[in-house]
Amino acid sequence: MTDSQRTEGGAPVVRFAPSPTGYLHIGGARTALFNWLYARGRAGRMLLRIEDTDRERSTDAAIAAILDGLAWLGLDWDGDPISQFARAARHREVAEALVAAGKAYRAWDTAEELNDMRAKARAEGRFARYEGLWRDRDPAEAPAGVAPTIRIKSPMDGETVIEDAVQGRVAFPNKDLDDFVILRSDGTPTYMLAVVVDDHDMGVTHIIRGDDHLTNGGRQKILYEAAGWDVPLMAHIPLIHGPDGAKLSKRHGAMGVDAYRAMGYLPEAMRNYLARLSWSHGDAEIISTEEMVAWFGLDGIGRSAARFDFAKLENLNGHYIRAMDDDRLYQTLVAALPHLPGGDAFAAWLTPDHAAQFRAALPLLKERAKTLNDLVAGAAFLTATRPLAPDAAAAALLDDGSRALLGRLVAALAGVPDWTTATLEDAVKAFAGTEGLKLGKVAQPLRAALTGKAASPGIFDVLAILGKEESLARIGDQAKA
């Protein structure tokens, strides 16, 4: 069944189904985004299921982190989140129904029998698979004291085929898809059963997930067909690798969404960047969320692994910062401060007077910034307290001759009546001419004195933003040092 046939007569229903055993990692975030884009572009629904059946590793904190990460990315879902663990009784009900229909059976294999089966497979150099010991055996032969599992009756020959919307035709020899367990001996469902039952009951029409689940897709199709249910269209998207092609690790960017938030990335930039990992629309690189919703389709997803590149993400984030309206950027930064390193201290500094000063500097700061953290770092010349301690590069510009020059400059600037960028530029240029110097020979030590750095926004803008009193005081501090 094609994608268009699947959605004909009804809007698609997709789902994002994370396991709450840790943070919302970058691969999961992209999967959520792809599902969200697909649903929102087709008047469909995106459901959220928390696959919390691993009770030892699933935590409330991890669930909260996943929900917070999705909310930060701007990815909403329809209805309330569904707990997979809470549906265990329904999973058992389906397993028992499959037994009653002759599609599954109880297996009383002992641990020793299963170990012998694996050892024999290893000795023969083949893949270990269950050999169907109880498939046709009389339950009356069940050994005492052994709780049975329930296993599905998989087809014994031929192949199970998935017409995957991304990977194309994928065939699994049924000899490799053995009679796998769907209900454990303690009555708990396996992942394979729980996923199929939940997707069916939730009305899921499209399963969009990582291609590490591709083999699961073959087994799950067997379950769908055994239950007599329609099989959703499957789309297994390629995984994300590092820029070197190796499996994504922390050094590549395999961190939680919360880490990217703390690094000062914008959610709209993250959405744009994640969408472009394996999906494309012509040559478009900068794509608004509205455009992504309109353009996204499974046919635009490639089969090759995507490569995560921090440099590209930073450049893209910088574009969004520069393109953002100053008022909105200011509000975005203020809202983000609780999540940024040093954000609390900056928020405490941001009194009404300082806020006005920072707002005046923002158009200059954002031209050099790639992250929100860069905006905070760029404002260090505003938050610094006198006397400034120049860094090594700035200190190298402040030799005895430069300090004497600054002393004379203080006197020249003190007489500037109208403290604006234009008048200050004229005054400094006139001073440089009087001294017989090129402008750079005055601007460099002046920048070091005003900011404590060798690089900063335009020096005349810095003078205007700091104000006359603070500027003259800082220059005077270094002239006397």
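Two strands count as paired if DSSP finds at least two bridges between them. Strand E2 (residues 45–50) and E3 meet that cut-off, because 2 bridges join them. The model is a predicted one.

**The sheet**

- An open sheet is formed by 3 strands, in the order E1-E2-E3, and the pairing is parallel.
- Strand E1 (13–16) and strand E3 (82–83) stand at the edges with a single partner strand each, so one side of each has no neighbour in the sheet.
- E1 and E2 run parallel and are joined by 4 bridges.
- Phe 16 has Leu 48 in E2 as its bridge partner.
- E2 and E3 also run parallel, joined by 2 bridges.
- Arg 49 stands opposite Ile 82, which is in E3.
- Strand E2 is mostly covered, with 5 of its 6 residues buried.

**Aromatic pairs**

- A pair of aromatic rings is described by the distance of the centres and the angle of the planes.
- Searching the whole structure gives 11 aromatic pairs.
- One of them joins Tyr 273 and Phe 308: the ring centres are 5.3 Å apart and the planes stand at 85°, so this pair is edge-to-face.
- Tyr 273 belongs to helix H9 (residues 267–275), while Phe 308 is in the loop between strand E12 (306–307) and helix H11 (310–323), so the pair ties together parts 35 residues apart in sequence.
- Both Tyr 273 and Phe 308 are buried.
- Phe 346 and Trp 349 form a tilted aromatic pair, with 5.4 Å from centre to centre and 35° between the planes.
- Phe 346 has a relative accessible area of 4%, so it is buried.
- Trp 349 is also buried, with a relative accessible area of 13%.

**An aromatic cluster**

- Which residues form one aromatic cluster? They are Tyr 260, Tyr 265, Tyr 273, Phe 308 and Phe 310.
- The cluster thus includes Tyr 273 and Phe 308, the two rings of the edge-to-face pair.

**Charges over rings**

- Arg 137 lies over the face of Trp 134, and its distance from the ring centre is 4.0 Å.
- Arg 151 lies over the face of Tyr 130, at 3.5 Å from the ring centre.

**Two packed helices**

- Two packed helices are described by the angle between their axes and the distance between the axes.
- For H9 and H11, the packing angle is about 135° and the axes are 9 Å apart.
- H9 and H11 are therefore oblique to each other.
- Their crossing, that of H9 and H11, is right-handed.
- H9 is the helix that holds Tyr 273.

**A residue in helix H18**

- Where is Ala 412 found? Ala 412 is in helix H18, which covers residues 400–414.
- Is Ala 412 buried, partly exposed or exposed? With a relative accessible area of 36%, Ala 412 is partly exposed.
- Ala 412 and Gly 467 are separated by 55 residues in sequence and by 15 Å in space, from C-alpha to C-alpha.

How values were computed. Residues numbered from 1 in each chain as written. Predicted model: local features only at pLDDT ≥ 70, side-chain atom pairs only at ≥ 80, totals over all residues. Heavy atoms only, no water. Phe/Tyr/Trp six-rings, centres within 6.5 Å; stacked < 30°, edge-to-face > 60°. Buried < 20%, exposed > 50% of the residue type's maximum accessible area, 1.4 Å probe, protein only. Lys NZ or Arg CZ within 6 Å of the ring centre and 35° of its normal. Axes fitted to C-alpha atoms, helices over the stretch in contact; angles between N-to-C directions. Parallel < 35°, antiparallel > 145°, perpendicular 65-115°, else oblique. Left-handed = near helix turned anticlockwise from the far one by under 90°.
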